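Please open the model in your viewer and keep the selection panel at hand.

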Amino acid sequence: MNSIQYFLPACILSVTILSLGSCSSPPVETETQQQPTPEATISPQPQKQALSPANTVPVTIYQVDSQCSELVPRQITVPKAEALETAIAEVLEQQSSSDFTLNYRVNVDADKQIVTIDFRVPTNADRTFNSLSSCEQLALFGSLRQTITSNPDWQINQVIFTEQGEEITL
């Protein structure tokens, strides 16, 4: 009996110390500046990383205005080696929506001064090119065409849009 009286208080004290030691104060919420969550990409695009100014070039891209009446220029800086592809990706990123996602491939025929953009609409997509409003068509096709043909460094005179190799007719 004496051993229990001696052992019991020591055991209770040990359990109490362990339980108190495992307690911690609740986490304090601090306001931190979070990195922006990357948006869903339309297709694989070049990785955006810090480049030296010597490796970049300014490019004018075009986007539809808020009244959907004209295309408005906006200048961005892109990697020199991937200028055309990055400009296309930037224009398409602006057109991205949850109900109309696109994958695409770009083919440049420098001799004929033609760029072909071959779109791939997922088979389970809610919408197709034919379901785009005239405003959405201007925003997508008009912005791409103006962006590509207006840049003198690329020397492109024509942009062709296809879907899985078939020319898109709207």
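Begin by selecting C68, which is placed in the loop between β1 and β2; helices (H or I, at least four residues) and strands (E, at least two) are DSSP runs, numbered from the N terminus. The phi angle of C68 is near 60°, a positive value in a residue other than glycine. The model is predicted, so local features need pLDDT of at least 70 and side-chain atom pairs count only at pLDDT 80 or more, while totals for chains, interfaces and linings use all residues. Residues are numbered from 1 along each chain as its sequence is written, and side-chain values use heavy atoms, with hydrogens and water left out.

Next, select Q113, in the loop between β3 (103-109) and β4. Its phi is near 55°, again positive in a residue other than glycine. Is Q113 buried, partly exposed or exposed? Q113 has a relative accessible area of 26% and is therefore partly exposed (buried means under 20% relative accessible area, exposed over 50%, partly exposed in between; 1.4 Å probe, protein chains only).

Now display the aromatic side chains. The structure holds five aromatic pairs (rings of Phe, Tyr and Trp, the last by its six-membered ring, pair if their centres lie within 6.5 Å; planes under 30 degrees apart count as stacked, over 60 as edge-to-face and the rest as tilted). Select F119 and F129: their ring centres are 5.4 Å apart and their planes stand at 55°, so this pair is tilted. Because F119 lies in strand β4 and F129 in the loop between β4 and α3, the pair ties together parts that are ten residues apart in sequence. Both F119 and F129 are buried.

F161 belongs to strand β5 and F119 to strand β4, so the pair ties together parts 42 residues apart in sequence. F161 is buried, as is F119.

Which residues of α3 are buried? They are A139, L140, F141, G142, S143, L144, T147 and I148. Finally, show the elements against which these buried residues pack: β1 (56-64), β2 (71-79), α2 (83-95), β4 (114-120) and β5 (158-163), where contact means heavy atoms within 4.5 Å.
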